[in-house]
Amino acid sequence: MKTFVFDIGETLVRDDRYWRSWADWLGTPRHTLSALVGAVTAQGLDNSEALKLVKPGIDIPAEYAAREAAGRGEYLDESDLYEDVRPALAGLRRLGMRVVVAGNQTVRAGELLRGLDLPADLVVTSEEWGCAKPSAEFFAKVLEASGAPARDTVYVGDHPANDTFPAAASGLRTAHIRRGPWGHLWVGDDRVHATADWVIRSLSELTDIAGK
């Protein structure tokens, strides 16, 4: 292996704050929105559908802009990172691996992530690239950012439909992490095990994979 590329939400960053802030903004109990996110996830729908259930007809970009204008927009700090993120990324770099962070996130999220000074060679988001997962265009950009052949590039993510399946279809190696709603829900799926090169519980397992 030469390059490891990481999804962001529920791979590196907990989504707790994200959904908590949306619940507070929409004036709904946090548990209600959390349960709805789980429900749409189980149906294979995009998690934004949960916001539409809370507020039918919601214009999500407009609400996002209103939150930013009100000073209640996106925010990330060290406490949002899973505990294994810094040790794992730093460990991979010590082994000579290139480390890239690339997921479906906003420009603002990219700025916030870069502000955390992660041990990564590149941090970029889908909005900055102008394309999003699971598109082939996104994974073509992942391969460009990797700087290594597809067979030597591992995409690490929790969501089979957005991460594991399209990354594998683009020729990349894949590691499915059992983390977050999607990672736990589909970890036992035969398609995940047939497609993913590795199924892991912690990012710390990647240092062993790097030597293979």
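Mentor: A salt bridge is counted when a side-chain nitrogen of Lys or Arg lies within 4 Å of a carboxyl oxygen of Asp or Glu. The general idea is that side chains of opposite charge can pair when their charged atoms come close. Keep in mind that this is a predicted model, in which local features need pLDDT of at least 70 and side-chain atom pairs count only at pLDDT 80 or more, while totals for chains, interfaces and linings use all residues. Residues are numbered from 1 along each chain as its sequence is written, and side-chain values use heavy atoms, with hydrogens and water left out.

Trainee: How many salt bridges does the structure hold, and which residue forms one with aspartate 197?

Mentor: The structure holds 15 salt bridges. Aspartate 197 pairs with arginine 173, and their closest N and O atoms are 3.3 Å apart. To place them, note that helices (H or I, at least four residues) and strands (E, at least two) are DSSP runs, numbered from the N terminus. The pair links distant parts of the chain, 24 residues apart, with aspartate 197 in the loop between H11 and S6 and arginine 173 in strand S5 (residues 173-177). Salt bridges that share partners also join Asp7, Lys133 and Asp163 into one network.

Trainee: Are aspartate 197 and arginine 173 buried, partly exposed or exposed?

Mentor: Buried means under 20% relative accessible area, exposed means over 50%, and partly exposed lies in between, with a 1.4 Å probe and protein chains only. Aspartate 197 counts as partly exposed at 35% relative accessibility, and arginine 173 is partly exposed as well, with a relative accessible area of 25%.

Trainee: Which parts of the chain does the pair of arginine 17 and aspartate 77 tie together?

Mentor: The side chains of arginine 17 and aspartate 77 meet in a salt bridge at 3.2 Å, N to O. Arginine 17 lies in helix H1 and aspartate 77 in the loop between H4 and helix H5 (85-94), so the pair ties together parts that are 60 residues apart in sequence. Aspartate 77 is partly exposed, its relative accessible area being 22%. In another salt bridge, between glutamate 63 and lysine 55, the closest N and O atoms are 2.4 Å apart; there glutamate 63 is buried at 14% relative accessible area, whereas lysine 55 is partly exposed at 35%.

Trainee: In what order do the six strands of the open sheet lie?

Mentor: Strands of a sheet pair through backbone hydrogen bonds, either parallel or antiparallel. Two strands count as paired here if DSSP finds at least two bridges between them. The open sheet has the order S3-S2-S1-S4-S5-S6, with parallel pairing. Strand S3 (122-125) and strand S6 (198-200) stand at the edges with a single partner strand each, so one side of each is left without a neighbour in the sheet. From one strand to the next the twist averages 20 degrees, where axes are lines fitted to C-alpha atoms (for helices over the stretch in contact) and angles run from 0 to 180 degrees between N-to-C directions. Strand S1 (residues 3-6) and strand S4 (residues 153-157) run parallel and are joined by four bridges; phenylalanine 4 has valine 154 as its bridge partner in S4.

Trainee: What volume does the largest pocket have, and which residues are closest to its centre?

Mentor: Rolling a probe the size of a water molecule over the atoms shows where empty space is left. On a 1 Å grid over the protein atoms alone, a cavity is a set of points where a 1.4 Å probe fits but cannot get out, whereas a pocket is an open set with protein on both sides within 12 Å along at least five of seven lines, and lining residues have an atom within 4 Å of a point. Grid points are joined across faces, edges and corners, and a volume is the space filled by probe spheres set on the points. The largest pocket has a volume of about 1,200 Å³. It is lined by 48 residues, and Tyr18, Asp46, Asn47, Asn104 and Gln105 are the closest to its centre.

Trainee: Which residues lie nearest the centre of the second largest pocket?

Mentor: Asp15, Asp16, Trp19, Ser34 and Val37 do, out of the 13 residues that line the second largest pocket, which holds about 230 Å³ of space. H2 gives the most to this lining, with five residues.
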